[in-house]
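Let's walk through how to read a few side-chain features in a model, one question at a time.

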Amino acid sequence: MAGTFRFELVSPERVLLSVDADQVVVPGDDGDFAVLAGHAPVISTLRPGVLDVTAGSVHKRLFVKSGFVEVDPSRLTVLAETAYDLDDVSAATMAEELKTAEAELLAAKDDSAKRRADTLVSELRRLSTRAA
Amino acid sequence: MASLKDMRNRIASVKATRKITKAMQMVAAAKLRRAQEAATAARPYAERMAEVLGSLASKVADKNGASPLLVGTGKDQVHLLIVMTAERGLCGGFNSNIAKLARADANRLIANGKTVKILTVGRKGADNLRRDLGRNIVERKDFQGVRQLTFSHAEGLAKRVLEMFEAGEFDIATLYFSEFKSVITQKPTALQLIPATVSEAPGGAAAKGAAAAVHEYEPSEEEVLGFLLSRNISTQIFRGLLENSASFYGSQMTAMDNATRNAGDMINKLTIKYNRQRQANITKELIEIISGAEAV
């Protein structure tokens, strides 16, 4: 283990989380990847999914809708519009998100928008059934 | 000459006004602090976004087929001015300063034979520009009754702007808002939104340049850039909204402070006048009584 690195979750409104993490699993557009300290510099877009953060003995699961990540050997920055801590979020919020996502899916015109909305819906469905 | 009763009423009314302006000033001060906090909290996101965008854009910009959001449509015939103002007045020159800047630019563009379209955000700007540029206003948005501006407000706006851009309704979009310099200075600013102005801060770019150069991009540079460019619009609009709200409260606070002080001055003046008149009346009555007594 190469030790810890700085993990920051930033939303347009404020910095949501800033911790020294051991490992973070990032749901990249091209597939999930785990980031450890000393990871090669990467910039990737995110697909809707769960960020799995391990910081010492603390384990956090954060749901992000979209955004992008910037990885440096000593730093990981996630820029996302909305993020929910899956341990805190209420079932009602998830249901509401699911509803808007489904509406988006119906409204989506082109293929890429449809694909995005589709992943979001399926991801949300999966999470809410598990939470229930 | 106003009677004593009139003057008393006048003083009472100015005092009531002073109370109101004083209260408004304090409310503005409290809201200003919150607006400022929101603006500061939003900064890391915008900065990171600008950094990544800057390093990416410098790589991709000269290639052909780059996104029109970055390089433009190749024309500059139709201009979209997005004018952001406040929903309310009583804030000194805040709204009219933004409108003045936008109007000057609009008139210049029209004089050069360009087509100008205006999208107003906030009621006051629309009211101000409607008089002479009413025909150019294509859309009005307002956030009346919105207590806390969130990113989704900005996103909604950005979506509309992007839709218009994709439909070919304009070539260049410029954002007008008031930059928050300090509590007492707010500067009306024009910021070109489309094609994106990629700012490369001299110190920051050099320092970041080395680190950014070795980044790998997933899925690909073009896709990341495309994603960022559309996201950048919402971020810039959000920044504009936040700066605007901080500026608005700053401006309102100053205006209300002035008003409170003016009211105080006025009360002093009126009170002196009132007392003089009262004394004059007493003296007059005394003279009348004394001369009446002497005559007996």
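**Reading the side chains**

A: Arg160(B) is partly exposed, since its relative accessible area is 23%; buried means under 20% relative accessible area, exposed over 50%, and partly exposed in between (1.4 Å probe, protein chains only). This is a predicted model, where local features need pLDDT of at least 70, side-chain atom pairs count only at pLDDT 80 or more, and totals for chains, interfaces and linings use all residues. Residues are numbered from 1 along each chain as its sequence is written, chains are lettered from A and ligands numbered from 1 in the order in which they are written, and side-chain values use heavy atoms, leaving out hydrogens and water.

Q: Which side chain does Arg160(B) meet in a salt bridge?

A: A salt bridge is a side-chain nitrogen of Lys or Arg within 4 Å of a carboxyl oxygen of Asp or Glu. Here Arg160(B) meets Glu139(B), at 3.0 Å, N to O. Arg160(B) sits in helix H6 (residues 151-166) of chain B and Glu139(B) in strand S3 (residues 137-141) of chain B, so the pair ties together parts 21 residues apart in sequence; helices (H or I, at least four residues) and strands (E, at least two) are DSSP runs, numbered from the N terminus.

Q: Is Glu139(B) buried or exposed?

A: Glu139(B) counts as buried, at 18% relative accessibility.

Q: How many salt bridges are there over all chains?

A: The whole structure has 19. One of them joins Asp257(B) and Arg261(B) at 2.4 Å, N to O; both lie in helix H8 (residues 221-295) of chain B, 4 residues apart, about one turn of the helix.
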